[in-house]
Amino acid sequence: MGMQTSSGGNLSMRLQGERFLVKPSGIALFDLQEEDLLVTDSAGGPVEGAGKPTKEVNSHLSIYLVRPDVGGIVHYHPPFATTFAVCRHEIPLKTVHAKRILGKIPVIPPHAEGSETLAASIAKAFSDKSVQAALLFDHGIIAAGPVISQAQNLAELVEESARIAYLSTLLSTVK
């Protein structure tokens with residue numbers, strides 16, 4: 001769907017208790033198989049499966065910590081939304097459904113990938129229960145929903161909104 005290329009991006013799901021299903025590092029989402037997924041504890045340590053959890057596991061866990069309503073998270077580097085992140089601009093929500101569903105997409109300040117400071121900034125943004133998705137400066141997007149399919153839908157809406165915002169600026173120059 002153009003949301004991610006190569007082995008970048010990641011996803012996670014809340015399981016029973018203090019367990020989380022996460023994408024391992026180094027495997028492309030396109031190639032990801034059920035048996036590749038890892039189960040981690042609330043500190044991001046592997047409990048089941050082989051491999052190393054995504055380096056963004058702390059970012060995911062920080063959202064789960066502040067948002068008990070979140071059951072699934074996706075993180076991607078889609079081209080239009082990431083362009084806004086690289087240019088350090090908020091995505092203008094131009095459509096009725098983007099305004100209604102997304103409301104706002106905060107921009108998370110720049111921090112090193114996988115760092116505790118990035119996780120803390122993400123947790124701060126998502127502690128606002130109206131936040132469902134955020135832009136990560138120079139990085140991409142992260143979206144959270146009650147289930148992973150809803151997080152995916154939100155991420156797709158963020159990318160669609162970024163594409164519409166970009167294209168509408170081009171069209172606005174046409175007389």
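Ground rules first. I number residues from 1 along each chain as its sequence is written. In this predicted model local features need pLDDT of at least 70, side-chain atom pairs count only at pLDDT 80 or more, and totals for chains, interfaces and linings use all residues, while side-chain values use heavy atoms, with hydrogens and water left out.

Entry on salt bridges. I looked up the salt bridges (a side-chain nitrogen of Lys or Arg within 4 Å of a carboxyl oxygen of Asp or Glu) and found 4 in the structure.

Arg67 pairs with Asp69, with the closest N and O atoms 2.9 Å apart. I checked cover, where buried means under 20% relative accessible area, exposed over 50% and partly exposed in between (1.4 Å probe, protein chains only). Arg67 is buried at 3%, whereas Asp69 is partly exposed at 39%.

Asp128 forms a salt bridge with Lys104, and their closest N and O atoms are 2.6 Å apart. Asp128 is partly exposed, with a relative accessible area of 30%, and Lys104 is partly exposed too, at 40%.

Glu113 forms a salt bridge with Lys55, at 3.5 Å between the closest N and O atoms. I read a relative accessible area of 45% for Glu113, which is partly exposed.

I noted a nonpolar patch of about 270 Å², made by Tyr166, Leu167 and Leu170. Patch residues have over 30% relative accessible area and no salt bridge; like charges are joined within 9 Å, and nonpolar side chains (Val, Leu, Ile, Met, Phe, Trp, Tyr) within 5 Å. Areas come from the Shrake-Rupley method with a 1.4 Å probe, and for residues only the protein chains shown count as cover. Tyr166 has 38% relative accessibility and counts as partly exposed.
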